[in-house]
Amino acid sequence: MQAIVTGATSGIGRAVALALKATGYEVVAFGRRPEALAELQALGLQTRAVDLADRAALASALAGLEPDVLVNNAGMMPRMAPFCDLDGEEIDRAVAVNFGSVLAMTRAVAPGMRSRGRGHIFFTGSTAGHAPFANLAVYCATKAAVGGFAQALRLDLAPHAVRVTEIVAGRVETGLYKDLLSDEARAAMYANASAVQPEDVAAMVTAVLALPTAVDVARFDILPTHQATATGAQKKDN
Ligand SMILES: NC(=O)c1ccc[n+]([C@@H]2O[C@H](COP(=O)([O-])OP(=O)(O)OC[C@H]3O[C@@H](n4cnc5c(N)ncnc54)[C@H](OP(=O)(O)O)[C@@H]3O)[C@@H](O)[C@H]2O)c1
């Protein structure tokens, strides 16, 4: 059984890739950073170094692969600012990485799953795709697009026994904000168990995969207990 995981060099994707490897999958880990890919190779994973916004590179990285599981996980957080202050290049880049590459990857892999009559595609969406956050309009839009696509694709593929699951993640302690916030700000954001750990998401992915193939988990929401709602902390007296 083969699994492709994008964004496998860090955070959620790395945890999912390692969990799938531990479950017995032959894992092909996609990412960009050579040192992180080398670490995964040393752990027995296959790797592909590719910028997912580069469609030609993506197509050649996929040559010869026929995965049973695809985890469309890679993503980036554009600069946090009011929409009017983002430039066109920043907007295009976020859409290309967070959504365009997801369409391209799925278009390349899903037909094989459909003809084989088995497969499972996961999408790492976000609470930001289901609720608004200030200064994140483009990120929210890309994640809403991922969610809409996943749910509609599920209807296309269900008759062919290919399952689709949207992972609706709240705050997870990863490198997502590493280029946007100081180390201190990130430490504060993740303090006091206020974030889910990547391994928690990975445990959900392996649990969903372990269900009988007749059971299709359309989406799961995974948030820190303190966060509890998509947009913020639950009041203690609620
Ligand atoms: N952390 C959260 O709170 C949270 C919440 C909801 C949803 N998510 C989503 O979870 C997913 C994983 O993010 P994470 O939180 O685990 O963050 P992360 O630690 O920053 O990991 C992001 C991964 O995506 C890869 N990536 C980014 N841009 C890429 C590109 N152009 N081409 C190829 N790979 C690229 C990175 O690869 P390299 O490092 O090798 O470049 C890295 O492996 C993302 O889709 C994110 O939107 C995260």
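A residue is called buried if 20 or more other C-beta atoms lie within 10 Å of its own, exposed if 12 or fewer do, and partly exposed in between, with C-beta atoms placed from the backbone. This is a predicted model, in which local features need pLDDT of at least 70 and side-chain atom pairs count only at pLDDT 80 or more, while totals for chains, interfaces and linings use all residues. Residues are numbered from 1 along each chain as its sequence is written.

**View 1. S60 on helix α3.** S60 has its place in helix α3 (residues 55-61), where helices (H or I, at least four residues) and strands (E, at least two) are DSSP runs numbered from the N terminus. S60 counts as exposed because it has 12 C-beta neighbours inside 10 Å. Between the C-alpha atoms of S60 and G112, which are 52 residues apart along the chain, the separation is 16 Å.

**View 2. The shell around the ligand.** The ligand is surrounded by 27 residues, of which G7, G11, G75, T174 and G175 are the closest; a residue is taken as near if its C-beta atom, placed from the backbone, lies within 6 Å. Helix α1 (residues 11-23) gives the largest share of this shell, 3 residues. By type, the shell holds 11 nonpolar, 12 polar and 4 charged residues, where Ala, Val, Leu, Ile, Met, Phe, Trp, Tyr, Cys and Pro count as nonpolar, Asp, Glu, Lys and Arg as charged, and the others, Gly among them, as polar.

View 3. When neighbours within four places in sequence are left aside, V5 is in contact (C-beta atoms, placed from the backbone, within 7 Å) with G13, V16, A17, L20, V27, A29, F30, V71 and N73.

**View 4. Helix α5 and its cover.** Helix α5 (residues 137-157) has 21 residues and reaches 30 Å from its first C-alpha to its last, close to the 30 Å expected at 1.5 Å a residue, a span taken as 1.5 Å times one less than the number of residues. Within α5, the buried residues are V138, Y139, T142, K143, V146, G147, A150 and L157. The elements covering them include α4 (88-116), β5 (119-124) and β6 (162-169).

Key. Two residues are in contact if their C-beta atoms, placed from the backbone, lie within 7 Å.
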